[in-house]
Every structure is written in C-alpha cells, then in structure tokens.
Amino acid sequence: MSNEELAYDFSPMIKVYKDGRVERLNDTDRVPPSTDPKTGVQSKDVVISQEPAISARLYIPKSTTTSSPQTKLPLLIYFHGGGFCVRSSSSAKYHSYLNALVSEANVVAVSVDYRLVPEYPLPAAYDDSWAALKWVASHSDGNGSEDWLNKFADFQRVFFAGNSAGANITHNMAVKLGCEGLVGVKLIGIVLEHPYFWGTEPVGEELITPAAAREYMAGVWRFACPSSSGSDDPLINPAKDPKLGELGCEKVLVCVAEKDVLKDRGWHYSETLKKSGWNGAVEVIEAAGEGHSFHLGDPTCDNAVAMKKKIVAFLN
C-alpha cells in the first residue's frame, strides 16, 4: 500500500490516508489569548475537562474594566466551524471575529473548543459542547471556578452562536436545552451563520447544484458521524426532527450567503421551524454575491460589516 493512498479526501479541509495519517489543510493559524490592541477585548483560555479534553477561550469587553458600578452583560457561547474536523477556538479568524463581536455587542463570550473528527467521531463534539454548556451554567449562582463568568455574565441573557458546523452544534444544543433544560440559564436566542444542514431530498436551488457538491456535503456528514443513518438524521436535517418545536429559545437569526451551496438549507430551516409548533421569531438575512463563511475571510467588506451589525443588534 502506497503511503499516499487516500481513504478520504475532503479538500480544502482534510485528507485521511489509508495508513491512518490525518492531514488538516490550511489549519495552522493558531493565536494565543491576548488583550486585543484594537478593541481592548481581553481573552484567556480555560480547561473545562481534562478527560475528555475540552477547553474554551473566554472574552470580556473593555467596558468590564472601565465602567463602574459593573453591570452584568449578555453571555454569548460560540461554536467554531470547520466541518467538525478542522479549526479551533484559537484559530486566528475566529479569534479576530470574536474580538470584534464582543467589543461591538458589549457581551461576554465563551468560544468552545470541542474534540474533532476523525480522531473523535460525532457525537463527541455534541457531547463536549453540552459539557461546556453545563460548565458555563455552573457559574450562574456566582460561585463557579471562573471569575470572569461569575462577575460579568448575565445568565438570564444567554445566546448561542456558531458558524457552519458550529451553527449545526448551536441548533442541536438549543434543542437539547429546550428538551432537558439547563439550570440557571435563560437562552434568549441563537445565531446560525451559514449553518451546515443537509438532507436526501433537494430543497430550493439544490435541484441544480452539481452532483459532486451535493455528494461532498453528504460525504462530510458520513465521515463525521459514521454511526449516523445518513443525511436525514435529525442532527443534520432538522426538518426530520420531531423535537424541532422544542427549540429552547425565543428568537433565531439565520445568516446565509447567496453563493453558498448551503444557502437553501438555511431558508428551509426557517420555514420548517415556523411550522413546527415553536412559538418564537425567526429571521433570515442573505448576503448577496457572497460565499460560505465570507465574513471570516473578509471581515471588513460591506456585507460582513452589515452581517455583524445585524448580529450585534440581535444580541442586544
């Protein structure tokens, strides 16, 4: 067997070779926590669990050091994207994005670092994310292990957000919270940025999407969750989830991009949610002419600025 024989090729994210090697592509841009010179946002890394290995990057805005007396701020829990198999809470693009979002929205943020596929197949990332949420909730009485959360976070104004696979996690955590509750936490809303949902039946313009692109989306899910029934698993296709109406928040913002192959899934999610018996408010915003996760690659473009402005308003 050649060392170069591939078992899986999901370029531009990841390649897995038949000898077991895993090659993550374009995924080396890690940055340490810091005090951001541009915004004054402070960040630090915390260990949530040693085994399994779960950590998070915490962010507090400049206002926490300048305003007195200190008022509690909304709490944003963020889940990074990357097809469940790449990226991290310390990836440069996510770190930069959260510095800007925390500053402009004046919120406290927790960016969760969950275990990645293929070393840890799903549901590991879901399990880790729920464990992280329970750890965050342990601070709701002001006596948790992390002072920033005890002092600055308002647990009656909690939001979840995520990008791509992280938006998928965001949705699934909100459904789990709606079904099981999370003591001390009131989830107000969720933000789904270019959510990674799929399904066997095409929706919208997926009817004219090239077969290779459709197979890529379905294949990433099979790779990430080998135990899954496939693209109609409720974890990847919320329209097939009988618990969708249990979504545990009162408002949802879905962000889609015109040239993203996942665009119609975001619209379909909104339409399905409205019919599910859930009694909250859902809004979809679409960025014209943009592709998947454009706001991370070009955060100063007009559409990215407009998208962030919309999210900031949603968090307040």
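Predicted model: local features only at pLDDT ≥ 70, side-chain atom pairs only at ≥ 80, totals over all residues.
Within strand 7, valine 112 stands opposite phenylalanine 79.

Strand 5 and strand 7 run antiparallel and are joined by 5 bridges. Here, look for tyrosine 59, with alanine 109 of strand 7 opposite.

Stay on strand 7 and show its side chains. Of its 6 residues, 6 are buried. Val108, Val110 and Val112 lie on one side, with Ala109, Ser111 and Asp113 on the other, and both faces are covered.

Now select the strands in the order 4-5-7-6-8-9-10-11: they make an open sheet of 8 strands with mixed pairing. Its edges are strand 4 (42-49) and strand 11 (281-287), each of which pairs on one side only. From one strand to the next, the twist averages 20°.

Glutamate 193 has cysteine 255, in strand 10, as its bridge partner.

Select residues 124-137 for helix 3.

**The cores**

Which residues have the most contacts inside the largest nonpolar core? Select Phe84 and Phe160: they hold that place in a core of 74 residues. Helix 3 supplies the largest share of this core, 8 residues. Apart from this core lies another, of 29 residues, which includes Tyr59, Val102, Ala161 and Leu253.

Centre the view on phenylalanine 160 and show its surroundings. Beyond its neighbours within four places in sequence, its contacts include Leu76, Ile77 and Phe79. Leu133 is also in contact with phenylalanine 160, as are Met173, Ala174 and Leu177. Further contacts of phenylalanine 160 include Leu187, Gly189, Ile190 and Val191.

**Aromatic pairs**

The whole structure contains 12 aromatic pairs. For one of them, select phenylalanine 84 and tyrosine 126, an edge-to-face pair at 6.0 Å centre to centre with 65° between the planes. Phenylalanine 84 is in the loop between strand 6 and helix 2 (92-105) and tyrosine 126 is in helix 3, so this pair ties together parts 42 residues apart in sequence. Are these two residues buried or exposed? Both phenylalanine 84 and tyrosine 126 are buried.

Move to phenylalanine 159 and phenylalanine 314. Their rings are also edge-to-face, 5.9 Å centre to centre and with 65° between the planes. Phenylalanine 159 is buried at a relative accessible area of 4%, and phenylalanine 314 is buried at 11%.

For a group of rings, select Tyr8, Phe10, Tyr216 and Phe223, which ring pairs link into a cluster. The last stop is tyrosine 17: arginine 21 lies over its face, 4.1 Å from the ring centre.

Definitions and conventions: Residues numbered from 1 in each chain as written. Heavy atoms only, no water. Core = buried A, V, L, I, M, F, W, Y, C linked by side-chain atoms within 4.5 Å. Buried < 20%, exposed > 50% of the residue type's maximum accessible area, 1.4 Å probe, protein only. Helix = DSSP H or I, 4+ residues; strand = E, 2+ residues; numbered from the N terminus. Contact = heavy atoms within 4.5 Å. Pairing = 2+ DSSP bridges. Axes fitted to C-alpha atoms, helices over the stretch in contact; angles between N-to-C directions. Phe/Tyr/Trp six-rings, centres within 6.5 Å; stacked < 30°, edge-to-face > 60°. Lys NZ or Arg CZ within 6 Å of the ring centre and 35° of its normal.
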